[in-house]
Amino acid sequence: MENLLLTIDPGVVDWSRAQFALTAIYHWLFVPLTLGLAVIMGIVETCYYRTRKEFWRSAAKFWQTLFGINFAMGVATGIILEFEFGTNWSNYSWFVGDIFGAPLAIEGVVAFFMESTFVAVMFFGWKKVSAGFHLAATWLTGLGATISAWWILVANSWMQYPIGCEFNPETMRNEMNSFADVALSPFAVDKFFHTVTSSWIIGAVFTIAVCCWYLMKKRHTELALQSMKIGAIVGIVAAVLAALTGHNSAYMVAQTQPMKLASMEALYNGGNSQSLTLMAMVNPFKQPDYATTDEPAGRIAIPNLLSLLATRDAKGYVPGVNDIIKGYTKADGSKEPSVAEKMERGKKAIAALKAYREGEKTPENLHALEENMKYFGYGYVKNPDQIVPFIPVNFWAFRIMVGLGMLFILGFAIILFYLYKKDITRPRWIHVFGILLFPLAYIASQSGWLVAEFGRQPWTIQDMLPTWAAVSDISSSGVALTFFIFLILFTAMLAVEISIMCKQIKKGPAL
């Protein structure tokens, strides 16, 4: 690994990142709808179990059918995503596979045993098992999907905040020393709840969009009205919970990934009593010259709010991009080294590891390795600017996510008002509004993931392993070829799902 920078083609890094991003983005088109529809279909079938009305049984089957179509597509893209760790990111898999592989293995067991078992009962057991057992199978299908999401998010959170492990120079691998620390990381817990509640929003707006289409066409009015009530209630609860967990996520990012927070805020020079930027003229296509700029032009901000959110103290210190590069003093009085210092210590760790591996297993080399291993990844950094993520993407994606989140709370409130106080079957504008919420929910969800992953760059594992030291030693042309193959394949899969979904929605529930 110490010679990796000399042997890896930079094109491999770019194409491998592009391919993984492509797969992840397509995969995330299916997953949140699966998690969200699991709640909707569970509530609808619960209504059937309590009332035993044929209407609710028909409605449950309808939403379960849409769930099943989406579920199948999500499984296919997810399998490819996990294979890419071995094909394109073999150095990453070797370096941390003992840790990262554990939650993925558990997720695989849960996904292919729990979910597959109960989804079969849900679809084929209506006349073969009792109503109570079938209801349990429906909820357990959704629970299985949610538990699978938990383990995937545990793995992703560990990449953002690596804990519960130690480096073994004999094997040249990071090895897990506390499964509990990895599985119950506060970063993972918060990321799970924020991701799942945001997925419930997508399930809710999908339900509302379908129902609004039925109301526009004056078809299946009872299904539309009853399902819309469920969707709007689930949606407003989920939107509020997503806002609360999102606030805590920002606090966690401030503690563990200050560079991500600085890029989200386009904060170049930090300090005490920092304001929260509402809007600023940040060029969406160009990395700013943060070294010579105090703040972005046209900035509109709320005084002290960023410090309050990031440190829970209105006068708290929040570092900017330049502070992190140059080094700064934390609130507890400890000194955070400059990036240049971290780079030097990282090189010492790499040199000590190389000597250790070549047989010089002296106490001095072992001590140097242990003392500097924290900054091992910085040894592969050539320029401090390399650790600054692309600020425009983080800045604008964060504001799109938050702005749309506020719109969803307002939108669900308006829909509930019309459902219970007005006649929602008449005003066409609210039907159009309900349909438009669906693509906006996906934009908000994808924006959140852009912030999470772009803000972590250039690290595959925060402060431990940069992307250019994590890829496989393969040809860039091969990765580029598979990129376009996957692009065609995933686009075709998405088109097929949309086609089947639209046909099923037009067909409507079996009465």
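## Helix H9

How many of the residues of helix H9 (residues 258-265) are buried? In this predicted model, the count is 8 of 8, so H9 is mostly covered. The buried set takes in Pro258, Met259, Leu261, Ala262 and Met264, and also Lys260, Ser263 and Glu265.

## The largest nonpolar core

Now for the largest nonpolar core, which has 65 residues. Trp63, Leu66, Phe206, Met228 and Ile415 are the ones with the most contacts inside it. Quite a list of helices gives two or more residues to this core: H2 (10-51), H3 (54-87), H4 (90-124), H7 (186-217), H8 (221-256), H14 (391-421), H15 (428-454) and H16 (476-507). Helix H2 gives the most, with 12 residues.

## A look at Leu66

Leu66 sits in helix H3 and is one of the residues with the most contacts inside the largest core. Why does Leu66 count as buried? Because its relative accessibility is 0%, and the cut-off for buried is under 20%.

What does Leu66 touch, once residues up to four places away in sequence are left out? Its partners are Leu37, Phe206, Met501, Gln504 and Ile505. Phe206 turns up again here, as another of the residues with the most contacts inside the core.

For a sense of distance, take Cys165: it is 99 residues from Leu66 in sequence, and the two are 41 Å apart in space, C-alpha to C-alpha.

Technical notes: Residues are numbered from 1 along each chain as its sequence is written. This is a predicted model: local features need pLDDT of at least 70, side-chain atom pairs count only at pLDDT 80 or more; totals for chains, interfaces and linings use all residues. Side-chain values use heavy atoms; hydrogens and water are left out. Buried means under 20% relative accessible area, exposed over 50%, partly exposed in between (1.4 Å probe, protein chains only). Helices (H or I, at least four residues) and strands (E, at least two) are DSSP runs, numbered from the N terminus. A nonpolar core is a set of buried Ala, Val, Leu, Ile, Met, Phe, Trp, Tyr and Cys residues joined through side-chain atoms within 4.5 Å. Contact means heavy atoms within 4.5 Å.
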